[in-house]
Amino acid sequence: MGESQGSPRRGRTVRAAGTALAAAILLSGCSDSEGPPVLTWYINPDDGGQAALAQLCTEESEGAYSIQTSLLPADAPSQREQLARRLAANDASLDIMSLDPPFIPELAEPGFLAPVPDEVAERTTEDTLEGALAGAMWNDELVTVPFWANTQLLWYRESVVEEAGLDMDEPITWEQVIDTALEQEKLLGVQGIRAESMTVWLNALVESQDESILANPEAPAAELQTNLDSEVGSRAAEVISMIGSEGLAGPGVASMDENQSMLLFQGDEGSFMVNWPFVWAATNASAEEGVVDAGLVDDIGWAQYPRVDADTASAPPLGGINLGVGADSENQELAFEAIECIVAPENQTEYFITNGNPPSSEAAYDDPALEDDYPMADAIREALDNAAPRPQTPFYNEISTAIQQEFTPISGVSAEQTPTQTDAFIVEVLRGERLL
C-alpha cells in the first residue's frame with residue numbers, strides 16, 4: 001500500500017490546488033522550446049498532495065523545470081502493468097514515477113530505471129528509516145528514492161483491553177489478541193480478501209519470526225527457494241487458520257479489505273485491528289460527520305504490530321511509495337533534482353498532514369504540528385524502523401498471486417497443509433509447470 005493507496009484520506013490545504021493540477025495527463029515529457037523542460041511525474045491517486053508538490057517544486061526551481069502529473073490507475077497491480085509496458089517500450093515520458101516497493105525489483109532488474117546518482121542517494125537517504133530504505137533497494141543498491149512510507153499498527157479498543165487486563169505498554173502477541181477476542185466474544189479486524197493484503201499479512205507473520213518467504217530472492221526463477229514449508233510457515237498459517245476457523249473476523253471476512261476491517265473495528269463487536277494509519281483520519285472524519293458515535297475516537301488506542309513469538313520483535317508490513325526515473329527519460333538530471341525537492345523532510349511532513357501518508361524521513365517526524373493530527377506518529381516511526389518489505393524479487397507478482405490463491409479463504413487455511421501446498425505451487429509456477 002502502497003497498500004491502501006485507494007483508501008480514503010483526509011486532505012485539507014493542498015487539495016484544491018492539487019486537484020486541478022492532477023487533471024493534467026501528459027503523454028510526453030516534451031516542452032515548448034521557449035519554456036523550461038517539462039517533467040512528467042506518473043503518480044498514484046491521493047488527495048492531491050503529489051500534484052501540489054509538483055507545483056511547489058516547479059516554483060522553487062525558478063524556471064529550471066516544470067513538473068506536470070499523469071495519474072496512474074487506482075490499484076497497485078494496474079499501476080505496475082502500465083508502467084512496465086511503457087518502460088519496456090522505451091517510453092521517454094517516464095521522467096518521475098511513483099512506485100510501489102514490491103514492484104521495484106521487476107523494473108530494476110532489466111535496467112528500466114535510471115541509476116540514482118551517488119550524491120543524490122547520499123542526500124536523500126541520510127535519515128531514511130530502515131524499513132523504508134530496504135524497500136527502495138535491489139541487489140544491495142539504491143535504485144529508487146524513498147518518498148513516503150507506510151506500515152501497520154495494532155489498533156485496539158481501550159474498553160476491550162481494560163476488561164481483559166492487558167498492559168498495552170508491553171509487546172502484545174497474536175495469541176493474546178486471539179484469546180481476548182474469544183473470551184470477550186469480539187471480532188478482529190484483519191484483511192481476509194483474496195488480494196495483495198493477504199500477502200502483506202502472511203509476509204509480516206513470517207518476517208516477525210526473523211525469516212523470509214524467499215531464501216534467495218535475487219535468484220532466477222528456476223532457482224528460487226521458498227521457506228513456507230517449515231515451522232515458521234506453519235506458525236504463520238496457524239495464526240490465520242485460528243482466526244478463520246473460529247470466525248473471529250466475522251462472516252464477511254472473505255471480502256474484507258482495509259476499509260471493511262476498519263468498519264468492523266468501529267462497530268460494537270470491534271476489539272483489535274491490524275491496519276494502516278489512514279484509519280485514524282477516516283474514523284475521526286466519520287465521528288465528525290455523525291456516522292459513528294462521537295465517543296469512539298476516545299476508545300481507540302494503538303500499539304506495535306503483534307508478535308508471533310513473545311521474545312521476538314515484530315516486523316510490521318511495509319508499504320508506501322518510492323520515486324524512480326525512467327532509463328529512457330531525456331531529463332534524468334533534472335528529474336533527480338526535482339525528486340530531491342519532492343522528498344525534502346518538510347515536504348514529507350506536509351504530505352503526511354494533508355494526505356495521511358507517513359514520511360520515510362526520520363526528521364520529518366520532528367514537526368510538532370503532527371501531534372494534533374497524528375498523535376501516534378512516534379509509533380508509526382518506530383514501526384517503520386522495524387518494518388520488513390515483501391519478497392524483493394522480479395517474480396513478485398507470481399509469488400504474491402500464488403499466496404493469495406492458497407491462503408484464501410482463511411477458513412480453509414491449515415497450518416499443516418497450506419504452507420506446503422503454497423511452496424509447491426510457487427515452485428511449479430516459476431518453473432512453468434503450472435499456471436496461476
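Let's start with a pair of helices: H17 and H18 cross in a right-handed way. H17 covers residues 396-406 and H18 covers residues 418-430. Which residues of H17 and H18 make the contact? On the H17 side you'll find Glu398, Ile399, Ala402, Ile403, Gln405 and Glu406. H18 brings in Thr418, Gln421, Thr422, Phe425, Ile426, Val429 and Leu430. Sort the residues of this contact by class and you get 7 nonpolar, 4 polar and 2 charged.

Keep in mind that you're looking at a predicted model. The protein chain has an average pLDDT of 93, and 92% of the residues score at least 70. Residues 4-32 are a stretch to treat separately, with pLDDT below 50. Even so, the model gives this stretch 84 contacts beyond near neighbours in sequence.

Now turn to H2 and H13, another pair with a right-handed crossing. Here is how the two pairs are set up:

| Helix pair | Residues | Angle | Axis distance |
|---|---|---|---|
| H17 and H18 | 396-406 and 418-430 | about 145° | 9 Å |
| H2 and H13 | 49-60 and 332-342 | about 115° | 10 Å |

With an angle of about 115°, H2 and H13 are therefore roughly perpendicular to each other.

In what order do its 5 strands run? Trace them as E2-E1-E3-E11-E6: the sheet is open, and its pairing is mixed. At the edges sit E2 (66-71) and E6 (145-151), each of which pairs on one side only. From one strand to the next, the twist averages 15°.

Inside that order, zoom in on E1 (residues 38-43) and E3 (residues 96-99), which pair in the parallel sense over 2 bridges. Tryptophan 41 stands opposite isoleucine 96 of E3. A helix joins the picture here too: H3 (residues 76-88) packs on the sheet and touches both E1 and E3. The direction of H3 makes about 145° with that of E3.

Methods: Residues are numbered from 1 along each chain as its sequence is written. This is a predicted model: local features need pLDDT of at least 70, side-chain atom pairs count only at pLDDT 80 or more; totals for chains, interfaces and linings use all residues. Side-chain values use heavy atoms; hydrogens and water are left out. pLDDT is the predictor's confidence in each residue, from 0 to 100. Contact means heavy atoms within 4.5 Å. Two strands pair if DSSP finds at least two bridges between them. Helices (H or I, at least four residues) and strands (E, at least two) are DSSP runs, numbered from the N terminus. Axes are lines fitted to C-alpha atoms, for helices over the stretch in contact, and angles run from 0 to 180 degrees between N-to-C directions. Angles under 35 degrees count as roughly parallel, over 145 as roughly antiparallel, 65 to 115 as roughly perpendicular and the rest as oblique. A crossing is left-handed if the near helix is turned anticlockwise from the far one by less than a right angle, and right-handed if clockwise. Ala, Val, Leu, Ile, Met, Phe, Trp, Tyr, Cys and Pro count as nonpolar, Asp, Glu, Lys and Arg as charged, and the others, Gly among them, as polar.
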